[in-house]
Amino acid sequence: MRRGLVAAFAVLAASPAIAHDMEMMPGMVMGATKKPVARGRVTPAPAVSVKVVPSSSSAPMRPAPVVYVAGIQPVMDHMLYAHALLDEFEARYNGRGGEFRYDGQGWYGTDYDKLWIKSEGTVSRTGRFGDGDHEILYDRAISRYFDVQTGVRLDIDNGPARAWGAAGIQGLALWFFDLEATAYFSDRGAAARLQGSYDILLTNRLILQPQAELNFYSTADRARGVGRGFSDIDTGLRLRYEWFRKLAPYVGITYSGRFGQAAEIARRRGSVVGDVTFAFGLRSWF
Amino acid sequence: MINFSLRERLALSRRRFITGAAGLCGAGVVLPRGPARALSAPHTDIPLTSSARFSLAVERVPVVAGGRRMTGTGINGSLPAPTLRWREGDTVEIAVTNRLDETTSLHWHGIRLPADMDGVPGLSFAGIRSGATFTYRFPVRQSGTYWYHSHSGMQEQTGLYGALVIDPAGGTERAVDRDYVLVLSDWTDADPEQIVSSLKFQSDYYNFRQRTVGTFVRDAVRDGPGLAVRDRLRWGAMNMAPTDISDVSGVIYTYLMNGQPPETGWTGLFRPGERVRLRVINAASMTLFDVRIPGLTMHVVGADGQDVEPVPVDEFRIGPAETYDVIVQPEGEGPWTIFVQSEDRTGYARGTLATRPGQLGPVPPMDPRPLRTMVDMGMGGMDRGPAGHDRMESGAAMQGDMAGMDMAGDGMRHAARRGAPEAMRMPGMAAHPAPVTQSGAGERLKEGVEVQSIAMMPRNRLTEPGAGLEGNGRRCLTYADLRATRAGEDARPPSREITLHLTGNMERFIWGFDGKKFSEAEPVRLVLGERVRFILINDTMMEHPIHLHGFWSELENGQGAFRPYKHTITVKPGERLSSLVTVDTPGLWAYHCHLLYHMEVGMFRTVVVS
């Protein structure tokens with residue numbers, strides 16, 4: 001499955017950095033690689049508050065920089081980590097047929113700076129790849145629970161390709177609510193996506209996860225079946241069992257639907273406006 | 001598909017552990033599955049006499065876990081490393097040969113020595129390269145129970161630790177009939193680097209005891225739905241969980257006593273009526289332990305190698321890197337079980353005091369696991385204020401300290417500015433206003449990427465035995481109980497104070513001091529000859545055993561001049577405590593949290609003494 005994910009990303013692997021990252025992924029048995037990287041600039045502000053009592057010995061005022069023996073740092077706290085999460089990797093069925101859907105993301109970087117890649121798409125029974133959305137983002141940690149992400153989004157599938165600039169936030173809202181909110185810009189207008197999910201622990205391994213993704217567009221894009229305003233939603237309620245933390249089979253019910261203008265476009269094409277399916281799949285990460 | 005290594009797959013079931021000395025027991029032995037057995041006893045027994053010269057080879061040591069052969073890191077074929085016995089007044093010479101394929105080091109934990117002998121790569125020396133031999137040579141100026149361990153990467157987690165027993169000058173002083181070391185540790189088959197990586201991605205990776213719908217229903221029935229909902233909302237509003245006790249749990253750890261897994265455990269022989277000294281060393285990477293011997297009273301006579309006035313207890317908590325010496329005198333035949341639970345109650349190490357080999361005592365049921373409280377969150381809670389104690393503590397702190405009043409004034413202003421004037425109503429505070437947040441750092445500290453929470457009302461918790469030990473009906477040791485048998489050597493008041501906040505973000509698994517990782521921070525600079533007070537404020541909701549290399553940290557625990565001399569001080573969540581340090585040895589020293597993974601991700605400072 002990772003190969004599939006990699007294949008989907010590979011199209012986007014334009015920059016050497018990403019290509020490098022991609023190459024590494026299949027080989028990462030344990031799921032993470034770490035390399036020391038050059039240290040960031042050291043903030044000159046004193047790390048400790050010092051209270052000097054008058055008329056006694058005082059701290060040196062002009063401290064020389066510390067010279068470490070053989071240049072060795074006693075701890076390596078500035079490491080690179082790589083992880084990827086395939087949140088949805090599922091077959092969807094209902095009376096009218098079925099489709100396959102995936103939604104994943106991966107990152108590579110330090111505590112503060114990461115290269116972040118997202119990809120999702122749907123493959124119909126006839127092999128048509130739709131809803132293909134792939135993003136390459138620079139991610140910067142900015143607060144306790146949130147990161148800012150900027151980069152590009154490419155809609156690449158069997159439909160016409162589109163490119164967007166992307167800017168958004170991702171993190172953990174209060175009450176452990178996972179949230180992604182991203183705005184997209186191109187010469188065709190603007191778009192926005194809101195994604196959220198929440199883990200309800202029925203037990204410590206059996207977890208019920210409601211999830212939703214909402215898409216908004218400032219202008220219609222008939223070729224891609226996108227309508228102005230609130231265009232579409234993909235939502236699901238999945239029950240997974242964390243057999244292992246990193247590998248959890250699940251079953252669920254999903255609903256994907258189009259609204260307003262997008263619904264009209266779909267109707268005119270004779271395609272489905274709203275679809276409830278039964279889904280089963282695997283959630284995995286490394 | 002994701003390629004799980006066997007280790008990783010096994011990581012979610014309880015491990016069995018067997019250790020064997022290399023070469024001694026035959027490499028090709030096929031082990032039956034079933035209860036774990038040791039192939040050969042590690043060399044943890046205290047040698048009959050002290051020595052001044054040692055030759056140690058750091059090497060891979062075979063370990064059998066769950067029927068599978070693995071390797072750990074040990075010394076001279078032993079995991080834990082052999083117990084070394086020194087004598088105060090001797091100059092020891094220890095030749096350490098590295099037979100690993102990576103750089104190694106040995107740090108003599110709690111030993112006062114020249115900085116270049118301290119064994120920290122980058123600070124003391126360049127480390128011991130593969131194939132090389134480094135000879136440590138230093139005079140031994142202290143006695144008691146200590147330990148040694150690698151200070152390179154994650155080698156400590158893989159088994160590179162051993163006990164040090166130092167006889168007092170002028171011969172062996174053994175007022176006991178039996179003398180044993182108990183090296184407690186946490187063994188895992190998983191790759192330590194992988195553990196950190198997993199925690200960076202999912203900080204509750206190893207916690208399978210979180211609140212669920214089931215516990216919500218139980219609490220709603222017990223406390224009423226309103227209270228249960230409010231409690232969930234309150235913790236949720238902080239994105240924190242009261243079930244967050246240990247970052248790494250018994251899910252992947254097997255807790256060892258002298259290298260022995262709990263199925264059989266370690267056995268110490270005695271005859272009824274004998275006095276048995278147990279030198280308990282917590283060599284675990286990430287685990288606080290609670291030690292008791294059901295049916296026996298333990299007399300705590302030493303802490304971190306230094307003698308203390310005997311304290312009779314039923315149970316004590318020991319943080320990573322701390323040592324306690326206890327004396328027991330079993331009158332009956334027993335067998336007596338030494339029961340050592342991890343703080344989060346996900347597992348235990350076990351030993352037996354027996355009159356003949358092979359005897360096993362009963363294993364008591366695990367205690368209820370603790371939950372974090374709002375006090376742990378630094379939200380105060382003055383209900384259990386340790387009254388008389390604070391007064392004593394402040395008295396000691398104020399002796400000759402002209403900054404006292406000034407400090408208090410600052411503290412009061414800051415507390416008020418934060419809308420927390422209640423902090424000033426702690427018992428004893430009016431007369432001796434010391435223990436409040438008072439540092440500039442605290443004022444500057446803001447929540448952010450590296451600071452998940454700030455203790456609004458850190459408090460004195462020295463009289464508390466620790467999470468999960470409150471009200472269990474046993475006499476539990478507290479820091480306030482520790483009283484040195486000798487008055488402190490340096491009667492000078494501190495000339496200045498250094499406040500350090502212990503900070504972190506569990507969600508991102510970043511830990512540091514004052515909201516900064518090691519790589520982002522300036523070193524702590526001390527002047528040779530000065531006397532300094534370190535004030536530690538724990539803003540996180542976890543315990544942190546803080547270790548200052550090279551110097552004694554005299555814990556200001558209300559015992560006046562009889563402060564206990566410690567090398568590692570475990571600071572509870574939401575706690576503020578202080579220690580005095582006489583800065584008498586120049587060089588570069590390490591100052592860090594002794595939870596290995598906290599240290600490795602940044603909870604570390606270089607201390608420069610010049």
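This is a predicted model: local features need pLDDT of at least 70, side-chain atom pairs count only at pLDDT 80 or more; totals for chains, interfaces and linings use all residues.
Visitor: What percentage of the residues of chain A count as buried?
Guide: A residue is taken as buried if 20 or more other C-beta atoms lie within 10 Å of its own. Applied to the 286 residues of chain A, that criterion gives a buried share of 35%.

Visitor: Which residue of β14(A) stands opposite A:Ala91?
Guide: Strand β2 (residues 81–94) of chain A pairs with strand β14 (residues 274–285) of chain A in the antiparallel sense, over 6 bridges. Within β14(A), the residue opposite A:Ala91 is A:Phe280.

Visitor: Over how many bridges do strand β13 of chain A and β14(A) pair?
Guide: One facing pair here is A:Gly257 with A:Gly274, the latter in β14(A). Strand β13 (residues 247–258) of chain A runs antiparallel to β14(A), and the number of bridges in this pairing is 11.

Visitor: Turning to chain B, what percentage of its contacts between residues at least 6 apart in sequence join residues at least 24 apart?
Guide: Chain B has 8 helices and 31 strands, and of its 610 residues 58% count as buried. Among the contacts in chain B between residues at least 6 apart in sequence, the share joining residues at least 24 apart is 77%.

Visitor: Which are the edge strands of the open sheet of 6 strands in chain B?
Guide: The order in this mixed sheet of chain B is β11-β10-β13-β18-β15-β16. Neighbouring strands in the sheet are turned against each other by 20 degrees on average, direction ignored. The strands that pair on one side only, and hence stand at the edges, are β11 (253–257) and β16 (306–313) of chain B.

Visitor: In which sense do strands β10 and β13 of chain B pair, parallel or antiparallel?
Guide: B:Val183 has B:Ile281 of β13(B) opposite. Strand β10 (residues 178–188) of chain B and strand β13 (residues 276–282) of chain B are joined over 7 bridges, and the sense of their pairing is parallel.

Visitor: How many charged residues are on the side of domain 1 of chain B that touches domain 2 of chain B?
Guide: Chain B is divided into domain 1 (6–174) and domain 2 (383–609), and their contact takes 12 residues from domain 1 and 11 residues from domain 2. The side belonging to domain 1 has 5 nonpolar and 3 polar residues, while its charged residues number 4.

Visitor: Why is one side of β23 and of β28 of chain B left without a neighbour in the sheet?
Guide: These strands belong to an open, mixed sheet of 5 strands in chain B, in the order β23-β31-β30-β25-β28. β23 (524–526) and β28 (568–571) stand at its edges, so the reason is that each has a single partner strand.

Note on methods
Residues are numbered from 1 along each chain as its sequence is written. Chains are lettered from A and ligands numbered from 1 in the order in which they are written. Two strands pair if DSSP finds at least two bridges between them. Helices (H or I, at least four residues) and strands (E, at least two) are DSSP runs, numbered from the N terminus. Axes are lines fitted to C-alpha atoms, for helices over the stretch in contact, and angles run from 0 to 180 degrees between N-to-C directions. Domain bounds come from an automatic or database domain assignment. Two residues are in contact if their C-beta atoms, placed from the backbone, lie within 7 Å. Ala, Val, Leu, Ile, Met, Phe, Trp, Tyr, Cys and Pro count as nonpolar, Asp, Glu, Lys and Arg as charged, and the others, Gly among them, as polar. A residue is buried if 20 or more other C-beta atoms lie within 10 Å of its own, exposed if 12 or fewer, and partly exposed in between; C-beta atoms are placed from the backbone.
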